[in-house]
Amino acid sequence: MKDEIPQYPTDGILDLHTFHPRDAADVTREYLRACHSDGIYRVRIIHGKGTGALRATVHAVLAKSPLVNFWKTATDSSSWGATLVELKPRIDSGRA
């Protein structure tokens, strides 16, 4: 699993359709860490509408992540098929 994440572009958009649902929680956690590390603080997670199980998995990860400032369901045409996330800014030690 960890070998797959660095190859996925950290552009602030994670489409979970390209992963197996059982990997969704791990992929989401790793993607958030990668974005945070790269200074990307606004993330769009596409989980689809379906039954809502994948959305629930993503929201459970977001609720437990210390990197997440807040999240909300997308308000554009994707509606509840995507979640918008704002990460907390990284605090670099040694900087004023």
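In this text, contact means heavy atoms within 4.5 Å. The structure discussed is a predicted model.

Q: What covers the buried residues of α1?
A: The cover includes the strands β1 (13–15), β2 (42–46), β3 (68–73) and β4 (82–87), together with the helix α2 (53–64). The buried residues concerned are A24, A25, V27, T28, E30, Y31, L32, C35 and H36. Each of these is called buried because buried means under 20% relative accessible area.

Q: How do you know that the span of α1 is close to the one expected?
A: Helix α1 runs over residues 24–37 and has 14 residues. The expected span is 1.5 Å times one less than the number of residues, which gives 20 Å for this helix. From its first C-alpha to its last, α1 reaches 20 Å, and the span is therefore close to the expected one.

Q: What pattern does the chain follow when read along the sequence?
A: The pattern is β-α-β-α-β-β, made from two helices and four strands.

Q: Why is V85 called buried?
A: The limit for buried is under 20% relative accessible area. V85 has 4% relative accessibility, and therefore counts as buried. This residue is found in strand β4. Leaving aside its neighbours within four places in sequence, V85 is in contact with L32, Y41, R42, V43, I45, L62, V68, F70 and W71. For one of these, W71, the C-alpha atom is separated from that of V85 by 4.3 Å, although the two residues are 14 residues apart along the chain.

Q: What makes R90 count as partly exposed?
A: The value for R90 is 34% relative accessibility, so R90 counts as partly exposed on the scale where buried is under 20% and exposed is over 50%. R90 lies in the segment after β4. Apart from neighbours within four places in sequence, its contacts are H36, S37, D38, G39 and Y41.

Q: Why is K64 called exposed?
A: Exposed means over 50% relative accessible area, and K64, at 72% relative accessibility, therefore counts as exposed. K64 is found in helix α2. Its C-alpha is separated by 9.8 Å from that of R29, which is 35 residues away along the chain.

Q: What makes a set of residues a nonpolar core, and which residues have the most contacts inside the largest one?
A: The set is made of buried nonpolar residues joined through side-chain atoms within 4.5 Å. In this chain, the largest such core has 19 residues, and L14, L16, V43, I45, V85 and L87 have the most contacts inside it. The elements α1, β2, α2 and β4 each give two or more residues to this core. The largest share, five residues, comes from α1. L14 is in contact with Y8, F19, V27, T28, Y31, R44, I45 and I46, leaving aside its neighbours within four places in sequence.

Q: How many aromatic pairs does a search of the whole structure find?
A: The search finds zero aromatic pairs. A pair would need ring centres within 6.5 Å.

Q: What part of the chain counts as buried?
A: Of the 96 residues, 39% count as buried. The chain exposes about 5900 Å², and carbon and sulfur atoms supply 53% of this area. Among contacts with a separation of 6 or more, 59% join residues 24 or more positions apart.

Conventions: Residues are numbered from 1 along each chain as its sequence is written. This is a predicted model: local features need pLDDT of at least 70, side-chain atom pairs count only at pLDDT 80 or more; totals for chains, interfaces and linings use all residues. Side-chain values use heavy atoms; hydrogens and water are left out. Buried means under 20% relative accessible area, exposed over 50%, partly exposed in between (1.4 Å probe, protein chains only). Rings of Phe, Tyr and Trp (its six-membered ring) pair if their centres lie within 6.5 Å; planes under 30 degrees apart count as stacked, over 60 as edge-to-face and the rest as tilted. Accessible areas come from the Shrake-Rupley method with a 1.4 Å probe; for residues, only the protein chains shown count as cover.
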